[in-house]
Amino acid sequence: HIPRPSTSVSSLSRAELVSVLRDYGATPDEVLEDPELLDLVLPTIRADFAMIERYRYVPSPPLTCPLTAVGGLDDPGVSTDDITAWARYTTGPVSTHFLPGGHFFPISHGPELRELVRAAL
């Protein structure tokens with residue numbers, strides 16, 4: 001339900017896309033600096049961004065189950081308001097958590113995330 005920026009990441013030039021990936025901080029420099037490896041991974045990454053860019057929310061009735069929403073405190077693309085907004089998708093109880101890190105906080109804070117999921121289940 002949250003509109004995405006109008007800039008299309010999937011159609012950026014190779015250099016621009018590498019710069020975006022570097023900013024996200026989840027792709028090792030060894031990958032970003034290896035042209036052959038980039039040839040292998042960039043098509044999949046572009047397709048992932050294209051899927052996100054083309055998705056359109058279709059309103060539907062809220063769920064009735066509990067919902068746990070987790071976000072990274074330093075995520076440049078997903079705000080804390082974006083995470084708390086998930087509450088509108090259920091009439092059940094909502095638990096919201098924020099962990100240190102950016103968009104890829106599950107990589108750097110996997111144990112904490114697993115514990116939250118375990119507790120929610």
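Predicted model: local features only at pLDDT ≥ 70, side-chain atom pairs only at ≥ 80, totals over all residues.

Biologist: Okay. Which residues of α1 are buried?
Modeller: Leu17, Val18 and Leu21 are the buried ones in that helix, which spans residues 14-24. Looking down the axis of α1, the buried residues fall within an arc of 100°, so they line one face of the helix.

Biologist: And which residues are exposed on the other side of α1?
Modeller: Ala15 and Asp23 are exposed there.

Biologist: Back to α3. At what angle do the axes of α1 and α3 cross?
Modeller: At roughly 80°, and the two axes come within 11 Å. The helices α1 and α3 are therefore roughly perpendicular to each other.

Biologist: Which residues make that contact?
Modeller: From α1 you have Arg14, Leu17, Val18, Leu21 and Tyr24. On the α3 side there are Pro35, Leu38, Asp39, Leu42, Ile45, Arg46 and Phe49.

Biologist: How many of those are nonpolar, polar or charged?
Modeller: Sorted by class, the contact of α1 with α3 has nine nonpolar residues, three charged ones and no polar ones. Leu17, Val18 and Leu21 turn up here again, and they are the buried residues of α1 too.

Biologist: What comes just after α1?
Modeller: Gly25, with a positive phi of about 80°. Gly25 sits in the loop between α1 and α2.

Biologist: Is Gly25 buried or exposed?
Modeller: Exposed, with a relative accessible area of 60%. If you want a distance, Gly25 and Arg14 are eleven residues apart in sequence and 17 Å apart in space, C-alpha to C-alpha.

Biologist: Let's zoom out. How many helices and strands are in the chain?
Modeller: Six helices and two strands. Along the sequence the pattern reads α-α-α-β-α-β-α-α.

Biologist: What about its overall dimensions?
Modeller: Along the principal axes, the C-alpha atoms of the chain fill a box of roughly 50 × 35 × 20 Å.

Biologist: What share of the chain is buried?
Modeller: Of the 121 residues, 25% are buried. As for contacts with a separation of 6 or more, 68% of them come from residues 24 or more positions apart.

Biologist: Which residues does the "domain: Thioesterase" annotation cover?
Modeller: Residues 14-118, according to an unreviewed UniProt entry. That span is 50% helix and 11% strand, and its end C-alpha atoms lie 39 Å apart.

Biologist: Now for another helix. Which residues of α6 are buried?
Modeller: In α6, residues 110-120, the buried ones are Gly110, Leu113 and Leu116. Seen down the axis of α6, its buried residues fall within an arc of 125°, so they line one face of the helix. On the other side of α6, Pro111, Arg118 and Ala119 are exposed.

Biologist: What covers the buried residues of α6?
Modeller: The cover includes the strands β1 (67-72) and β2 (94-99), along with the helix α5 (105-108).

Biologist: I'd like to look at a couple of loops as well. Where is Ser60?
Modeller: Ser60 is in the loop between α3 and β1. Ser60 is exposed, and its relative accessible area is 51%.

Biologist: Which residues does Arg88 touch?
Modeller: Leaving out residues up to four places away in sequence, Arg88 touches His1 and Pro62. There's also a distance for Arg88 and Pro61: C-alpha to C-alpha they are 9.9 Å apart in space, and 27 residues apart in sequence.

Notes:
Residues numbered from 1 in each chain as written. Heavy atoms only, no water. Buried < 20%, exposed > 50% of the residue type's maximum accessible area, 1.4 Å probe, protein only. Helix = DSSP H or I, 4+ residues; strand = E, 2+ residues; numbered from the N terminus. Arc of directions from axis to C-beta. UniProt positions renumbered as here; feature names shortened; annotations may be inferred. Axes fitted to C-alpha atoms, helices over the stretch in contact; angles between N-to-C directions. Parallel < 35°, antiparallel > 145°, perpendicular 65-115°, else oblique. Contact = heavy atoms within 4.5 Å. Nonpolar A, V, L, I, M, F, W, Y, C, P; charged D, E, K, R; others polar.
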